[in-house]
Amino acid sequence: MPTYYDTEVASRLMLGTAQYPSPAILAEAFRRSGAGIATVSVRRESGGERAGQAFWDLIRDLGVHVLPNTAGCHSVREAVTTAQMARELFGTDWIKLEVIGHADTLQPDPFGLVEAARILTDEGFKVFPYCTEDLVICEKLVEAGCQVLMPWGAPIGTGLGLNNIYGLRTLRAHFPDLPLVIDAGLGVPSQAAHAMELGYDAVLLNTAVAKAGDPAAMAEGFARALEAGRMGFEADPMMPRDMAAPSTPVLGQAFS
Amino acid sequence: MKITLNGTPQETGADTLAALLDEMGYTHARVATAVNEEFVPAPSRDAHSLADGDRIEIVTPRQGG
C-alpha cells in the first residue's frame with residue numbers, strides 16, 4: 001500500500017469531500033470505498049452559521065487521514081498563507097498544493113507551484129503537489145522536497161480520464177520509487193484501473209463520485225477497479241503484439 | 001476603525017485580532033486567521049494590533065477536492 005512521507009495508508013483511494021448530495025451520502029461513499037484519505041479545504045466563515053465546525057465533526061468521524069488543499073489559489077503568497085491556515089485548522093502538515101495558472105483548464109502554474117513547494121517544504125510541510133505530467137517540472141518539485149507527485153489525468157472535473165498515457169508512463173519510469181497519484185480528471189472506474197495498470201500508486205477523486213447518480217456505489221466501483229488494476233499490474237502483464245498468435249495448440253489439429 | 005473582513009468592508013471597535021474574534025462571536029470557534037495576506041497563528045492573536053484598512057481573513061474547515 002502507498003506510503004506518503006513515512007505514513008502508510010491502507011487504501012489506494014483518496015476521496016474529495018465536496019459536492020455530495022448530503023453529508024450522509026458523503027460518509028457512505030467513504031465507508032463503501034474504504035478511502036484512506038479525505039481532501040478538505042479552508043474557506044471564509046460566513047455569518048454565524050458555524051458550518052465549519054459541523055463539517056469538521058463529520059470528517060473526524062470518518063476516521064481517515066485528512067489532506068487539506070489550497071484549491072483556488074492563483075499566487076504563491078495565497079497558496080502559502082492558505083497552507084499555513086490549513087495546518088493550524090486541521091492539525092496536519094500534509095498539504096495538497098494547488099497553484100492554479102489558468103482559469104479555463106485549472107492547469108497548475110508550474111513556476112508558482114515549484115516556488116510554493118520550496119517555501120512550504122522549508123517550513124516543515126509535507127507537500128502533495130497537484131501538477132501536470134511534465135517530467136521536468138516534476139523533477140523540480142522533487143528537488144524542492146516533494147516526496148509524492150500528483151499529476152492530473154485530465155483537467156479537474158472533466159471526467160476525461162488519462163489524457164497523456166505516454167507522459168504518465170514516462171513519469172512512472174523515471175520515478176520508480178516515488179508515490180505517484182493521479183489527481184483529477186477521472187470519470188469512471190475503468191480509468192482508475194488503467195492508472196493502476198500503469199503502475200500508479202493511487203488516485204484522487206471527487207466529482208466522479210460526488211456527481212454520480214449513486215455516489216456511494218460509484219465510490220465502491222472505483223475501489224474495486226483500483227484493486228483489479230493493481231492486481232493486474234503486480235501480475236506482470238503479457239506484452240501486446242500486432243499479429244495474432246493462436247492460444248489453442250496447433251499440434252494435433254484434425255485435417256492438417 | 002475601518003477594516004475589510006472576509007472581503008466585506010466594516011467598522012470595528014476591536015484593537016487586536018483576538019478582540020475582533022470576540023466581537024464576531026468566534027472566541028472558541030475552530031478558525032484560522034490572516035491579516036493582509038499574512039498568516040497570524042492563534043497564539044499571536046492577542047498581541048496582533050489592528051490598523052485602519054487591514055484586510056482580515058477568518059477561515060474554517062470546508063469541503064474540498
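Guide: Two strands pair if DSSP finds at least two bridges between them, and strands (E, at least two residues) are DSSP runs numbered from the N terminus. The model is a predicted one, in which local features need pLDDT of at least 70 and side-chain atom pairs count only at pLDDT 80 or more, while totals for chains, interfaces and linings use all residues. Residues are numbered from 1 along each chain as its sequence is written, chains are lettered from A in the order in which they are written, and side-chain values use heavy atoms, without hydrogens or water.

Let us begin with pairing inside chain A, where L97(A) has P129(A) in β7(A) as its bridge partner. The strands concerned, β6(A) and β7(A) (residues 126–131), run parallel and are joined by 4 bridges. They belong to an open sheet of 3 strands in chain A, with parallel pairing and the order β6-β7-β8. Its edge strands, which each pair on one side only, are β6 (94–97) and β8 (150–151) of chain A.

Pairing also links the two chains, for β4 of chain A (residues 37–44) and β5(B) run antiparallel and are joined by 5 bridges. Within that pairing, R43(A) stands opposite T60(B) in β5(B).

This brings us to the interface itself, where chain A gives 31 residues to the contact and chain B gives 28 residues, contact meaning heavy atoms within 4.5 Å. Together the two chains bury about 2,500 Å², of which 51% lies on carbon and sulfur atoms; buried area is the accessible area (1.4 Å probe) that two parts lose on being put together, summed over both. Of the area that chain B buries against chain A, 29% is supplied by R30(B), R62(B) and G65(B), more than by any other three residues.

R62(B) returns in a salt bridge, where its side chain meets that of E45(A) at 3.5 Å, N to O. The term means a side-chain nitrogen of Lys or Arg within 4 Å of a carboxyl oxygen of Asp or Glu, and the count between chain B and chain A is 4 salt bridges.

On the side of chain B that touches chain A, the elements giving two or more residues are β3 (32–35), β4 (38–40) and β5 (55–63) of chain B. The largest share of that side, 7 residues, comes from β5(B), the strand that also runs antiparallel to β4 of chain A.
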